[in-house]
Amino acid sequence: MVSFGRRACTNTYAPKLNAIGSSTHPRQTRFQRRRKMAGFRPNGSLPAVTLAVALVLCANGPTWVASASPATKHVEEAQKDLTEWISKLWRELHQYPELAYQEEKTSRLVRTTLDSLGISYTYPLATTGLVATIGRPGGRHVAVRADMDGLAITEATDLPHKSKVEGKMHGCGHDAHTAMVLGAAKLLKAKEAELQGQVSFVFQPAEEAGAGAYRMLEDGLFKNDHVDAIFGLHVDPYMFTGQASVYAGTVLASAGTFKVTLTATGGHGAWPHLTADTVVAGASIVLMLQTLISRRLSAQEAGVVSVTMFQGGSALNVLPSEVVLGGTWRSLSVEGNKNLKEWIRQMILQQATVMGVNATIDFFDDKHPTYPPTVNDPRVANFARGVIEKVLGPENTKEGYPQMGAEDFAFYTERIPACFFLLGVRHEDTVTPGPLHTPRFSLDEAALPIGAAIHANLVLDFLNEGSGEDGKETGAVKEEL
Ligand SMILES: [Zn+2]
Ligand SMILES: [Zn+2]
C-alpha cells in the first residue's frame, strides 16, 4: 500500500507531541514520558494487548479483571505465549522478504504454521496464496485477510532481525499483517468449538501493484462460499501502538498506472529544426497532465495525477529518439478513475501530435484491472469500530478519513461487505517514524499481538452477533447484512 500522508499525524498524538515538547528530555516529550511512566493502558486497567487477548479468551464475561485471580493469570500466560510466538514468527518473516508472486518461502512458513495449529487450507491460489478455514457451517462466514509480499528496497535499519536479503525488505509491514492473521488463527483455533460459524484466513500474494487479491478471486477464492464480511488492516507508522482508526465509506482511492513511449528520428542538439524533439514533447506532457486536476476535474472531487518517471537521452548534444515517462493517477470514485484515465490518454496523444512525435501508451490493462476504490461498508465499519473501541478504548479508536493511497483489498470490497482499518505500530520512543516504503521503516513488535487479538475479537463478535446471542441489536445487524 502507498504510504500514508502527513495528514495522518493530525489524526494521532503527533500534534500533542509537537505542542508539549520537553526541555529536559529532548528526545521525549512530557506526554511520551507520562505514557511510559503509567504504562500505556488504553482502557485504563490493563495494557491493550492483555485486554485484547482477554476479550478473546473470556468472550463470555470479564471475570478475568479481578487482580491475581486464576482467570487473570490464565490471560497473562496466554498473552505472554502469544506475544513470544508471534514475535518469533514475524522476525522470521521479516528477515526473508520476497517480492510479488515469489512468496514461496513465506507461503511455506504460513502453511507449516497452520499445520502446527491443526488448521487445514486450500493451496495454491494466485501462485503462492492460500485460504484456511475453521469453525462450523450453518452460521455466518467471516474472513480476515493478510498480504505476504515485500518491496524491492534494501533495509537501512539497525535492527538485529533486519532483512537478510539484499535489495528486498518488508517496507510496507505485510510481514506484520501475515503474523497478525496467523496469531488470530491460533487464538481462534483454541476456541473453535465455541465458534458460531466459519472464519477464513486469507493469505494473498502481490498486494504491491500485482493485484494479488484480484488473482485470488479469479482463482476461485470464495467462488462457492457466501462470505458475510471481510476484515483487513494496514499498519500505520504515524499512530502509536494501541491505537487504530476506522472510516465508514470510501477510505482509499482507486489507482491506475501508465507508461508512455515517445519516439522521433532524433538528431544533433545544434539542429533541432531537423527532428521532432521527444524531450520537449515529454516535458509538455508532464506539465499539461497537471491541468487535468486543476482545470478538468471538478473542484468538488478528489484526484491525483503524478508523473513519477522520466527517462531519455544520454548525451549533452544529442536529441534522443526515445523518451519514456509514466506515473499514476488516483480517484475516490469508479467514475472519476475512468474519466482520469481517458483524459490522460487524450492529453498525451494530443500533445504528441502537436509536438510531432509518436506516442504509445501502456495502461497495463493486460496484467490486471486498475485498483478500484476501497469502500468500507458503513454497517461493517461501524461494527468494527465498536469492537476496536472495546479492545483499545474509545479514546484510542480514531476517526479515519479518505486517503489517496490504494489497496488491492478493494477487490474484496467490490464483492463482500468489508472493513479495512489502520492499526498503530509506532513505538512510544519513536520521535520520527520511518514512513512506509522507505529503507528505515520499522514497527513496534508490541502491536503484533494487538493486531492478532483485534482480528480474533472481530471474528468472535461477528459470528456471535450472527447467532443472535447478543440480543436485539445483533438481530438488526444480521438482517441488514
Ligand atoms: Zn505498500
Ligand atoms: Zn501495504
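In what order do the four strands of the open sheet stand, and is their pairing parallel or antiparallel? In this predicted model, the order is β10-β12-β8-β13, and the strands pair in an antiparallel way. Strands of a sheet pair through backbone hydrogen bonds, either parallel or antiparallel. Here β10 (303-312) and β13 (358-362) are the edge strands, and each has a single partner strand, so one side of each is left without a neighbour in the sheet. From one strand to the next, the twist averages 20 degrees.

To follow one of these pairings in detail, look at strand β8, residues 254-263, which is joined to the antiparallel strand β13 by five bridges. Within this region, L262 stands opposite A359, a residue of β13.

Helix α9, which spans residues 278-296, lies across β8, β10 and β12 (322-331), and runs at about 170 degrees to β10. Helix α10, made of residues 334-355, packs on the sheet and touches β8, β10, β12 and β13, while its direction makes about 10 degrees with that of β8.

Another contact joins two helices. Helix α6 (residues 104-117) packs with helix α7 (residues 174-189) at an angle of about 10 degrees, and their axes are 10 Å apart. Because angles under 35 degrees count as roughly parallel, α6 is described as roughly parallel to α7. On the α6 side the contact is made by T106, V110, T113, L114 and L117, and on the α7 side by T178, L182, A185, K186 and K189. Sorted by class, this contact of α6 with α7 has five nonpolar, three polar and two charged residues.

Note on methods: Residues numbered from 1 in each chain as written. Chains lettered and ligands numbered in written order. Predicted model: local features only at pLDDT ≥ 70, side-chain atom pairs only at ≥ 80, totals over all residues. Axes fitted to C-alpha atoms, helices over the stretch in contact; angles between N-to-C directions. Parallel < 35°, antiparallel > 145°, perpendicular 65-115°, else oblique. Contact = placed C-beta atoms within 7 Å. Nonpolar A, V, L, I, M, F, W, Y, C, P; charged D, E, K, R; others polar. Pairing = 2+ DSSP bridges.
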